[in-house]
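Subject: Structure handover

Hello,

Please read the notes with the structure open beside them.

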Amino acid sequence: MTLQLHYFPTLNGHKVTIALEEMDLPYDIVLVNILEGDQHQPEFLAINPNGRIPAMVDPDAEGGSVTIFESAAILQYLGRKTGQFYPENERTRAHIDSWLFWQMAGLGPVSGQVNWFTRVSRKPELADAAGTEYALNRFRNETKRLFGVLERGLEGRDFLCGDYSIADMCCWTWIDKYPQNGGGLDDFPSVAAWHERIAARPAVKRALEAGVDLLPDEMRRKFAEARG
Ligand SMILES: N[C@@H](CCC(=O)N[C@@H](CS)C(=O)NCC(=O)O)C(=O)O
């Protein structure tokens, strides 16, 4: 049976569609419409108790069906399953894991807060909420610092850990959206070049379109506009 990806087309969801497309693995998408609360439904919580996409079920795993949640855990699983983009060599793997944890614990949560406070502060009823401006500045500054970390990691390199790997897939989707948070890549030339290099990959282009056809009409139109 095919892999089942429980998914909505977002930054964390795209990490996994990129991996699946790059690895040329067949998969079925089960749309979890997080804008309409599907992530809180008991049938999804049975798959991911954390109530967040993405989650994956591999019905054909050795010893029986396996369920995985947390995007980087899914990337590692797929890398181990296929032997692609996650070399067995311990030195490289330790390097890849470092960037995966960095993205999951740092870049993702921190720049996610920039997004949140940008949207919250745009709502008139919340615009003056105490702390919003302070929080936005704090998370924006930390996001910029993290971009500097990525810049150092990419200086003089095409990819984060030698060849293109799941570390690049994990970090890339969050860079892709950053300009929409009010920043840009002018101060980060190595990140900008790496961003373009990955954006040009056919598998990445396919991955960003995955599941869009399953969205309700109005939502699909908004997604198309947002991608430009
Ligand atoms: N650390 C998790 C984060 C997952 C996450 O935050 N997913 C978002 C979409 S990108 C979500 O499901 N949000 C729904 C909600 O906040 O209720 C991962 O990397 O898988």
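An open sheet is formed by four strands in the order S2-S1-S3-S4, with mixed pairing. Strands are DSSP runs of E with at least two residues, helices are runs of H or I with at least four residues, and both are numbered from the N terminus. Two strands count as paired if DSSP finds at least two bridges between them. Strand S2 (27-31) and strand S4 (66-69) are at the edges with a single partner strand each, so one side of each has no neighbour in the sheet. On average, neighbouring strands in this sheet are turned by 20 degrees against each other, direction ignored. Strand S3 (residues 55-58) and S4 run antiparallel and are joined by four bridges. Val-57 has Thr-67 of S4 as its bridge partner.

This is a predicted model, in which local features need pLDDT of at least 70 and side-chain atom pairs count only at pLDDT 80 or more, while totals for chains, interfaces and linings use all residues. Residues are numbered from 1 along each chain as its sequence is written.

The protein chain is assigned domain 1 (3-85 + 205-227) and domain 2 (90-201); such bounds come from an automatic or database domain assignment. The centres of the two domains, taken over C-alpha atoms, are 20 Å apart. Domain 1 puts 10 residues into the contact and domain 2 puts in 11 residues, where contact means that the C-beta atoms, placed from the backbone, lie within 7 Å. On the side of domain 1 that touches domain 2, helix H1 (11-23) and helix H3 (71-82) supply at least two residues each. H1 gives the most to that side, with five residues.

H1 also packs against helix H6 (residues 166-176), at an angle of about 145 degrees and with the axes 8 Å apart. Axes are lines fitted to C-alpha atoms, for helices over the stretch in contact, and angles run from 0 to 180 degrees between N-to-C directions. From H1, the contact uses Leu-11, His-14, Lys-15, Ile-18 and Ala-19, and from H6 it uses Ile-166, Met-169, Cys-170, Thr-173 and Trp-174.

Which residues are around the ligand? They are Thr-10, Leu-11, Asn-12, Ile-34, Gln-39, Arg-52, Ile-53, Pro-54, Glu-70, Ser-71 and Met-104, each with its C-beta atom, placed from the backbone, within 6 Å of the ligand.

Regards

Note on methods. Two residues are in contact if their C-beta atoms, placed from the backbone, lie within 7 Å.
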